[in-house]
Amino acid sequence: VLVFCTFIISALETLEFRWIIAAALMGSFATLFRSENIALLIIGAGALAADMIWRWRMGSLKNLTWNLSAVGLASIIAVLPILWWSAHNQRVYGFFGLSNYAGEVLYDGWVYFGDASGLFFTDQNSQAVQQINSAIEKYPITTTDQSGAPTGWEIYPSLLEAGYTTEQAINLLETAARDSINK
């Protein structure tokens, strides 16, 4: 992530294609390393495009089309390894994407961290949250956090013991997170 930031700053300063492509490829590598880093690619491409448009409106950038095309080309090149890996996962493991536990990541990112920080983010009226709570009551868990809020990976074994498949458990965590976000 730090190397990506270095490259994106160089790209913003110079608008040279070599820095734009370097930032895009580093963002792609970071995404393959940890799937939530896809935000780097989105934020980086958006920041570059916004900066180019701003410079063009101020009159310091002459060829907006070429510069935006460079960002677009770099973005396409950066997305290719991500798509190839996703296709590999589809072929070998039966799911298209970088991971098959995105619902747990979403749950931890929104529900767990919200509850652990004292914001009590969980939507207790959500059917998914109620199903999770029911599984935890039947198959108690041990939380490792001092706040007492369980992570998705602490809840996951209880869901499996309650009879949910791996896919159902991850989907239940994702639904609980989405319901809580909507609340």
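What is the handedness of the crossing of α7 and α8? In this predicted model, the crossing of α7 and α8 is right-handed. Helix α7 spans residues 152–161 and helix α8 spans residues 166–182. Their axes come within 10 Å, with a crossing angle of roughly 135 degrees. An angle over 145 degrees would count as roughly antiparallel, and one from 65 to 115 degrees as roughly perpendicular; α7 and α8 are therefore oblique to each other. On the α7 side, the residues in contact are Gly152, Trp153, Ile155, Tyr156, Leu159 and Leu160. Their counterparts in α8 are Thr166, Ala169, Ile170, Leu172 and Leu173. By class, nine residues of the contact of α7 with α8 are nonpolar and two are polar, with no charged residue.

Helix α2 contributes Ile20, Ala24, Gly27, Ser28, Ala30 and Thr31 to the contact, and α3 contributes Ile38, Leu40, Leu41, Leu48 and Met52. Eight residues of the contact of α2 with α3 are nonpolar, three are polar and none is charged.

Ala45 is also located in helix α3. The C-alpha atom of Ala45 lies 8.8 Å from that of Ile20, a residue 25 positions away along the chain. Ile20 is itself one of the α2 residues in the contact with α3. When residues up to four places away in sequence are not counted, Ala45 touches Val71 and Ser75.

The largest pocket of the model has a volume of about 260 Å³. Its lining comprises 15 residues, of which Arg34, Ser35, Glu36, Tyr101 and Val105 are the closest to the pocket centre. The largest share, five residues, comes from α5. Classified by residue type, the lining of the largest pocket has seven nonpolar, four polar and four charged residues. Charged residues are present in this lining, whereas the contact of α2 with α3 has none.

Notes: Residues are numbered from 1 along each chain as its sequence is written. This is a predicted model: local features need pLDDT of at least 70, side-chain atom pairs count only at pLDDT 80 or more; totals for chains, interfaces and linings use all residues. Side-chain values use heavy atoms; hydrogens and water are left out. On a 1 Å grid over the protein atoms alone, a cavity is a set of points where a 1.4 Å probe fits but cannot get out, and a pocket is an open set with protein on both sides within 12 Å along at least five of seven lines; lining residues have an atom within 4 Å of a point. Grid points are joined across faces, edges and corners, and a volume is the space filled by probe spheres set on the points. Helices (H or I, at least four residues) and strands (E, at least two) are DSSP runs, numbered from the N terminus. Ala, Val, Leu, Ile, Met, Phe, Trp, Tyr, Cys and Pro count as nonpolar, Asp, Glu, Lys and Arg as charged, and the others, Gly among them, as polar. Axes are lines fitted to C-alpha atoms, for helices over the stretch in contact, and angles run from 0 to 180 degrees between N-to-C directions. Angles under 35 degrees count as roughly parallel, over 145 as roughly antiparallel, 65 to 115 as roughly perpendicular and the rest as oblique. A crossing is left-handed if the near helix is turned anticlockwise from the far one by less than a right angle, and right-handed if clockwise. Contact means heavy atoms within 4.5 Å.
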